[in-house]
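Here is a friendly walk through one protein model, from its overall make-up to a few residues of interest. Keep the viewer open as you read.

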Amino acid sequence: MNDYIQLKKRDIFKLGIKDENGNPKLDKDGHEVFIEFDLEDINLPDNYSKCVYLVKKASSTLKNDMIIIDKKQDSKGKGFMTKNEELKTQAIKKFYNSTVEAMDLFLGKGGTNKIFGEVRYLTMFDDLSEMLEPIMPKLKINMNSIEEKIKSKYKIQDSSVLKNE
């Protein structure tokens, strides 16, 4: 192939991840683990809003499922757990899957696993929100920059338009 097109450099924000001891988190090959945000992605703020909404919805669904299960007559389950305990375990797994799916919408596919590994717990999204709080202004500021770029690019500059002065 002799002909190529050259892609322009994107405004990518790389966010490194540290373990609980403050050391950079490494993958199995010894490379630093990080999350990437495309700061020119117009969907980024919308994805975050959807993420928050979906996590709240999953929390509400879990709460409702637990109430329904608690009202059911309990009986012996298949293993050492009772039937209601099995149903609660299934509801919690469903909650975790929904939460991970929602967080990956914002973080990118596999982003939740990069941060938390395979561990799942109820306040995981709250912890993520707290961790991301320092960078959220940077993402918002860049959103304003994108809006300004769009406004200036498509600004009408016709001097033949009559103006009422």
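## Overall make-up

Of the protein's 165 residues, 25% count as buried, where buried means under 20% relative accessible area, exposed over 50% and partly exposed in between (1.4 Å probe, protein chains only). The accessible surface comes to about 13,000 Å², and 53% of that belongs to carbon and sulfur atoms; the areas come from the Shrake-Rupley method with a 1.4 Å probe, and for residues only the protein chains shown count as cover.

This is a predicted model, in which local features need pLDDT of at least 70, side-chain atom pairs count only at pLDDT 80 or more, and totals for chains, interfaces and linings use all residues. Residues are numbered from 1 along each chain as its sequence is written, and side-chain values use heavy atoms, with hydrogens and water left out.

## Fold

The protein has five helices and two strands, taken as DSSP runs (helices H or I, at least four residues; strands E, at least two) numbered from the N terminus. Their order from the N terminus is β-β-α-α-α-α-α. Of the contacts with a separation of 6 or more, 56% join residues 24 or more positions apart; contact means heavy atoms within 4.5 Å.

## Nonpolar cores

In soluble globular proteins, nonpolar side chains tend to be buried together. A nonpolar core here is a set of buried Ala, Val, Leu, Ile, Met, Phe, Trp, Tyr and Cys residues joined through side-chain atoms within 4.5 Å. The largest one has 23 residues, and Phe 37, Met 103, Phe 106, Leu 107 and Leu 128 have the most contacts inside it. Two or more residues each are given to this core by strand E1 (12-16), strand E2 (34-38), helix H1 (44-71), H2, helix H3 (111-116) and H4. Its largest share, five residues, comes from H2. Apart from this core lies another, of seven residues, including Leu 62, Met 66, Ile 69 and Phe 95.

Leaving aside neighbours within four places in sequence, Phe 106 is in contact with Phe 37, Leu 44, Asn 47, Tyr 48, Cys 51, Leu 132, Met 136 and Leu 139.

## Helix H4

Which residues of helix H4 (residues 124-132) are buried? They are Met 124, Phe 125, Leu 128 and Leu 132. These cover an arc of only 95° around the axis, so they sit on the same side of H4; the arc is that of the directions from the helix axis to the C-beta atoms.

Ser 129 is also in helix H4, but counts as partly exposed because its relative accessibility is 24%. Ser 129 and Val 52 are 77 residues apart in sequence and 9.4 Å apart in space, C-alpha to C-alpha.
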